[in-house]
Amino acid sequence: VSEQVKDEKNEEEMSEPFLVPTNVNLTLNTQIKNANLFNQTATNLGGKIYVKDGALVLEEMGFICNAAKLQLTAMYRTPRRNHIYVGLDYHMVDINIEELVHMLPQLDTIVPMLNSFKGKAEFHLAAETYTTADYKIKPSTLRGACSIAGKDLVVMDSETFTKMSKLLMFNKKTENVVDSISAEITVYKKEIDVYPLCVTMDNYKVALGGRHNLDMTFNYDVNVLSPIYLGVNVSGNIEDLNIKLAKCKYAKDFRPVRQGKVEQQSAVLRSIIRES
């Protein structure tokens with residue numbers, strides 16, 4: 001057998017997914033000192049693991065990673081080799097946003113705005129999807145919600161921010177600090193909706209919301225509510241960005257309404273776990 005054939009065979013074997021055994025009913029109470037999880041070293045893992053007839057469940061698995069506290073409830077089911085179900089409820093407190101994107105690289109596509117911020121935040125993600133045998137997400141089955149909340153976050157300099165700050169007449173500073181942000185985002189198939197939220201920066205209060213797609217095209221409305229009242233529409237993609245003045249979509253006294261989408265998606269996942 002040639003070396004090339006051997007390498008191809010090894011690659012095929014390595015890409016084989018983990019299949020949860022059937023006809024097994026097992027419950028484990030765990031206390032793990034160290035483990036590799038989400039590209040990080042996690043410590044002090046504790047929680048319950050269930051294996052039952054083709055389904056693997058992690059129930060409220062708590063752990064510490066890079067000084068951040070995290071809790072994970074997840075379900076992994078393998079009805080077919082190339083049709084794997086993954087559902088998770090992932091809650092992180094006081095996590096560095098840069099570390100968050102490193103831990104879950106898929107968030108760069110689902111929540112691209114995260115790359116624009118630096119600092120610590122609280123992040124909550126509840127989602128479910130089917131994947132292929134090599135764990136690539138099947139977009140038509142993806143649905144979920146996430147929320148992010150933080151204070152004193154730094155907005156990273158970028159071409160997009162520079163263009164918008166000129167139109168919105170922001171003061172140019174060495175660091176652009178956002179006093180607070182609280183965002184809710186939902187994902188359904190290839191569409192990502194960012195529900196209207198408010199951001200305060202310096203003397204400015206800004207409302208924004210919109211939609212982007214997994215092909216990285218987007219359409220956002222950004223309104224300055226004070227000290228001036230001004231609207232901007234941002235559309236297109238990063239390579240072909242279209243930023244223009246537009247009619248204000250949000251009222252001067254706009255107050256975001258919490259949607260509770262993450263909690264709803266979390267309840268759906270826990271219901272699926274109970275039924276299984």
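Visitor: What sits over the ring of tyrosine 85?
Guide: The charged end of arginine 77 does. Its distance from the ring centre is 4.7 Å. Keep in mind that this is a predicted model.

Visitor: OK. How many aromatic pairs does a search of the whole structure find?
Guide: Five aromatic pairs turn up. One of them joins phenylalanine 218 and tyrosine 220. Their centres are 6.1 Å apart, with 45 degrees between the planes. That pair is tilted.

Visitor: Are those two buried or exposed?
Guide: Phenylalanine 218 and tyrosine 220 are both buried.

Visitor: And what about tyrosine 250 and phenylalanine 254, how far apart are the ring centres?
Guide: The centres lie 5.0 Å apart. The planes of tyrosine 250 and phenylalanine 254 meet at 45 degrees, so this pair is tilted. Tyrosine 250 and phenylalanine 254 are buried too.

Visitor: Which residues do ring pairs link into a cluster?
Guide: Phe18, Tyr76 and Tyr135.

Visitor: New topic. What's the secondary structure of the chain?
Guide: Five helices and 14 strands.

Visitor: Which way do strand 13 and strand 14 run, parallel or antiparallel?
Guide: Antiparallel. Strand 13 covers residues 230–236, and strand 14 covers residues 241–246. Six bridges join them. The two strands form a hairpin, with four residues between them.

Visitor: What stands opposite valine 232?
Guide: Leucine 245, which is in strand 14.

Visitor: Now helix 5. How many residues has it got?
Guide: Helix 5 has 15 residues, 261–275. From first C-alpha to last, helix 5 reaches 21 Å. That is close to the 21 Å expected at 1.5 Å a residue.

Visitor: Which residues of helix 5 are buried?
Guide: Val262, Gln265, Ser266, Leu269 and Ile273.

Visitor: What covers the buried residues of helix 5?
Guide: Several strands are involved. Among them are strand 3 (55–65), strand 4 (68–80) and strand 5 (83–96). Strand 7 (120–131) and strand 8 (143–155) are also included.

Visitor: Last one, the whole chain. What percentage of residues is buried?
Guide: Buried residues make up 41% of the 276 residues. As for contacts with a separation of 6 or more, 50% are between residues 24 or more positions apart.

Conventions: Residues numbered from 1 in each chain as written. Predicted model: local features only at pLDDT ≥ 70, side-chain atom pairs only at ≥ 80, totals over all residues. Heavy atoms only, no water. Phe/Tyr/Trp six-rings, centres within 6.5 Å; stacked < 30°, edge-to-face > 60°. Buried < 20%, exposed > 50% of the residue type's maximum accessible area, 1.4 Å probe, protein only. Lys NZ or Arg CZ within 6 Å of the ring centre and 35° of its normal. Pairing = 2+ DSSP bridges. Expected span 1.5 Å × (residues − 1). Contact = heavy atoms within 4.5 Å.
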